[in-house]
Amino acid sequence: MKKKLLILLVLAISVPAFWRMLQFGIYSMQDFPYIRLVELDKCFRALQIPCRWAQDVGAGYGEPLFNFYGQVSFAVGEIFHLVGFSKIDSLKIAFTLSFVMSAFAMFLLAKKIWKSDWAAIVSSAIYLYAPYRAVDVWVRGDLAESMSFVFFPLIILEIENYLSTKKKTYLVLFSLFFALLLLNHSLSVVLFLPFLIGWTIFRLLTYKNVKPFVYLAIAGLFSFVISAFYILPVIFESKFVDIGSTTSGYFDWRANFVTIGQLFVSRFWGYGGSVWGTDDGLSLSVGQIQWVLPFLVGLIVLLRRKFTKDVKIFVALVLIGVFALFLTHNKSTFIWNNLMFMKYIQFPWRFLSVAVFSFALASGLIVKYLGKFGVWMAVVVVVIAIALNYNFFRPDIWKSVTDSDLESGAFWTESRFASINDYWPNFGHKLPDKISDGKYINYFPGWNYQPDKNGLIPADGAVFSDTPVRTVGNWVSVLAVVLVAATWKKFKYEENKK
């Protein structure tokens, strides 16, 4: 009964974050997740699985969108669409699940770390009601990144489950969740690495036994094998698209650092963009209660002067969170300059996701320190977290529209032009200034025609198929999934036998 009540409590805490989704239509966003869901749906119905080519983007000339962009979050939406929901409602359900499932995932992890239901409730609420979570969903409309918040806690949870029990089924789950993060939003893997590396080093020093971590490393590498159908094309076929535009101009990391005031003090809220300087049109705050609570726990730790196991965990979490915040500030420029792959992150403030994760998990310790008063502290923290940030979880402009409205007229035209630079094939065709008439489409390896001097092929009779790289990736992933299923069954049998 207690377990069911806790589940209901976490769900109830999540409701204020998404309840405004429960009305007809959809809200304005900076990103265009709707057209991606449309394109994935067309792939599924044409049995192009895994999806690679998006026929409507690129102003109707088509682009290999899903050859490079994560599909997991949109596949979640597609499941609901296939069972009868409209595309708009399916998209809103996916956004809602990113809130609810992340709250549950953090609850499970925090309970594992702090051994306290109420500490887990605190961490869950702090994790969910960070301003950056509202920015991701209600301002940017970044479905893939918002869904990544579900996988962060689950990955660490399976590491902890394995280290505490040595059951190898948890290695399989760790590998699967890490693969899902890769397939959902590859940039989130890069963002999550500071936490994953820091946490692994901390746990290695704690356990003083290398063997479990060797198994974890193997399981982590196997995640890339599971994801081969996506990883191999990204590695070998990125040269066929113009990705330079994704790291220049508006997307240049040097123009998107955050100030100390924006991180810790500002209560600004807006629906604009990230700009050079301090006039950003959106919130770039880690959240007041998100950093104040760990700060208070830190003061208690200093006053008590007892360096317990819990305190060590807390310190490790805070240090990782502080490092993540450091990467959002221009003082970290030397790191960005030396790690050139980080330019693809585009916005240093994306590391707010790691800081929020670290500080939320660390915050749960305050309940354990207050003993019998911990329950009341949990209630107070949840109320404050929601009260401080509830007003951020709202739309700018609500549109009472249907699927057909979004797939016609000005919005559909805008969607087809959106992010046209990101995966534009570099075979000679210049960026168009008007929608294609449908006679020609962009060439990309896999089409059954050779391109003309403009990098175009006739649409009539064009058939898209996998290249050798994609075929190898597909089969490697299929075999990996079969191996995972067989390994799971073997490990489960051995554990039951014991």
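1. Met-101 sits in helix H5, which spans residues 87–114; helices here are DSSP runs of H or I with at least four residues, numbered from the N terminus. The model is a predicted one, in which local features need pLDDT of at least 70, side-chain atom pairs count only at pLDDT 80 or more, and totals for chains, interfaces and linings use all residues. Residues are numbered from 1 along each chain as its sequence is written, and side-chain values use heavy atoms, with hydrogens and water left out.

2. With a relative accessible area of 33%, Met-101 is partly exposed, a class that lies between buried (under 20% relative accessible area) and exposed (over 50%), computed with a 1.4 Å probe and protein chains only. Leaving aside residues up to four places away in sequence, Met-101 touches Met-147 and Val-150, where contact means heavy atoms within 4.5 Å. Met-101 and Leu-327, which are 226 residues apart in sequence, are 27 Å apart in space, C-alpha to C-alpha.

3. Ala-360 belongs to helix H17 (residues 352–363) and counts as buried, at 0% relative accessibility. The C-alpha atoms of Ala-360 and Ser-123 are separated by 4.8 Å, although the two residues are 237 residues apart along the chain. Ser-123 is also among the residues that Ala-360 touches, together with Met-106, Ile-126 and Tyr-127, again not counting residues up to four places away in sequence.

4. Asp-310, in helix H15 (residues 309–326), is likewise buried, with a relative accessible area of 19%. Residues up to four places away in sequence not being counted, Asp-310 touches Ile-113, Trp-114, Leu-365 and Lys-368.

5. Helix H9 (residues 169–184) and helix H10 (residues 186–207) pack with their axes 6 Å apart and at an angle of about 135 degrees, so H9 is oblique to H10. On the H9 side the contact is made by Phe-178, Leu-181, Leu-182 and Asn-184, and on the H10 side by Ser-186, Ser-188, Val-189, Phe-192 and Leu-196.

6. Val-15, found in helix H1 (residues 2–18), is partly exposed at 32% relative accessibility.

Technical notes
Helix = DSSP H or I, 4+ residues; strand = E, 2+ residues; numbered from the N terminus. Axes fitted to C-alpha atoms, helices over the stretch in contact; angles between N-to-C directions. Parallel < 35°, antiparallel > 145°, perpendicular 65-115°, else oblique.
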